[in-house]
Amino acid sequence: MSRQRSMENILASEYVSIGELVRITNSRYSTLKHYTEEGMLPFEQAEENLTRRYKREETVARFLWIKELKANGLTIPQIKEALE
């Protein structure tokens, strides 16, 4: 079991885990996982380590954009098209 990083360390990091994204964005794990599986939130994954790493600033900005598009009534396919 790994120890959680402090919010200060998370906000100073270039890369974060999905659990840390949950904390930063105050969103649900299932929502971020769904957006990841739909290809809406890009990530990096080292071959020897299966943990997905997200670029913190880019991913948070992208998540906020997705949230705004969703609030404006766009569907997931429409949001995916807007993200391209």
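Colleague: How many salt bridges does the structure hold?

Modeller: The structure holds five salt bridges. The term denotes a side-chain nitrogen of Lys or Arg within 4 Å of a carboxyl oxygen of Asp or Glu. This is a predicted model, in which local features need pLDDT of at least 70 and side-chain atom pairs count only at pLDDT 80 or more, while totals for chains, interfaces and linings use all residues. Residues are numbered from 1 along each chain as its sequence is written, and side-chain values use heavy atoms, with hydrogens and water left out.

Colleague: With which residue does Arg-5 form a salt bridge?

Modeller: The partner of Arg-5 is Glu-20, and their closest N and O atoms are 2.7 Å apart. Arg-5 belongs to the segment before helix 1 (7-12) and Glu-20 to helix 2 (residues 18-25), so the pair ties together parts that are 15 residues apart in sequence. Helices here are DSSP runs of H or I with at least four residues, strands are runs of E with at least two, and both are numbered from the N terminus.

Colleague: Is Glu-20 buried or exposed?

Modeller: Relative accessible area, computed with a 1.4 Å probe on protein chains only, sets the class: buried is under 20%, exposed is over 50%, and partly exposed is in between. Glu-20 counts as buried because its relative accessibility is 10%. Arg-5, with a relative accessible area of 31%, is partly exposed.

Colleague: Where do Glu-37 and Lys-33 lie?

Modeller: Both residues lie in helix 3 (residues 29-37), four residues apart, which is about one turn of the helix. Glu-37 counts as exposed at 54% relative accessibility, whereas Lys-33 counts as partly exposed at 34%.

Colleague: Which side chain meets that of Arg-53 in a salt bridge?

Modeller: It is the side chain of Glu-44, at 3.7 Å from N to O. Arg-53 is partly exposed, at a relative accessible area of 37%, and Glu-44 is also partly exposed, at 34% relative accessibility.

Colleague: What is Thr-51 in contact with, leaving aside its neighbours within four places in sequence?

Modeller: Contact means heavy atoms within 4.5 Å. On that basis, and with those neighbours set aside, Thr-51 is in contact with Glu-44 and Gln-45. Thr-51 is found in the loop between strand 2 (44-45) and strand 3 (52-55), and its relative accessible area of 40% is why it is classed as partly exposed. Thr-51 and Phe-63 are twelve residues apart in sequence and 19 Å apart in space, C-alpha to C-alpha.
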